[in-house]
Amino acid sequence: MPKYLTITEARQQLLDLPDELKDEPVIITRHGKPVMAAISFEQYESLLETLSILSDRKFAERLQESIAQAEQGKTISWNEVKAKFGL
């Protein structure tokens with residue numbers, strides 16, 4: 001569950017925020033309402049990479065097909081894959 005801080009608290013704890021963000025985002029509020037989220041740079045890069053991958057329409061379609069196949073039990077074992085490709 002993300003940690004919530006007021007803007008004033010976030011400002012006071014700014015130097016400590018990088019350590020806080022290692023585990024989870026921090027939601028920053030103003031007058032009790034969320035106005036921004038702080039995430040680690042690693043999380044930010046991961047989000048950008050995920051968006052890039054999912055914005056590839058063909059890839060997204062193949063991913064959905066693969067998930068459906070897995071849910072239907074249409075999978076092959078790792079040993080079968082190795083045998084097929086001579087690994």
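Q: Two strands pair if DSSP finds at least two bridges between them, so what makes S2 and S3 a pair?
A: Strands S2 and S3 are joined over 5 bridges, in the antiparallel sense, so they meet that criterion. This is a predicted model, where local features need pLDDT of at least 70 and side-chain atom pairs count only at pLDDT 80 or more, while totals for chains, interfaces and linings use all residues. Residues are numbered from 1 along each chain as its sequence is written, and side-chain values use heavy atoms, with hydrogens and water left out.

Q: What lies between S2 and S3 in their hairpin?
A: There are 2 residues between the strands, and His31 in the turn has a positive phi of about 55°. Strands here are DSSP runs (E, at least two residues), as helices are (H or I, at least four), numbered from the N terminus.

Q: Why are S1 and S3 called edge strands?
A: The open sheet has the order S1-S2-S3 with mixed pairing, and S1 (3-6) and S3 (33-38) each pair on one side only. S1 runs parallel to S2 (residues 26-30), joined by 4 bridges. In S2, Val26 stands opposite Lys3, and Val26 also stands opposite Ala38 in S3.

Q: How do you know that S2 is mostly covered?
A: Buried means under 20% relative accessible area, with exposed over 50% and partly exposed in between (1.4 Å probe, protein chains only). In S2, 4 of its 5 residues are buried.

Q: Why does helix H5 (residues 78-85) lie largely in the open?
A: Of its 8 residues, the number buried is 0, so H5 lies largely in the open. Just after H5, Gly86 takes a positive phi of about 65°.
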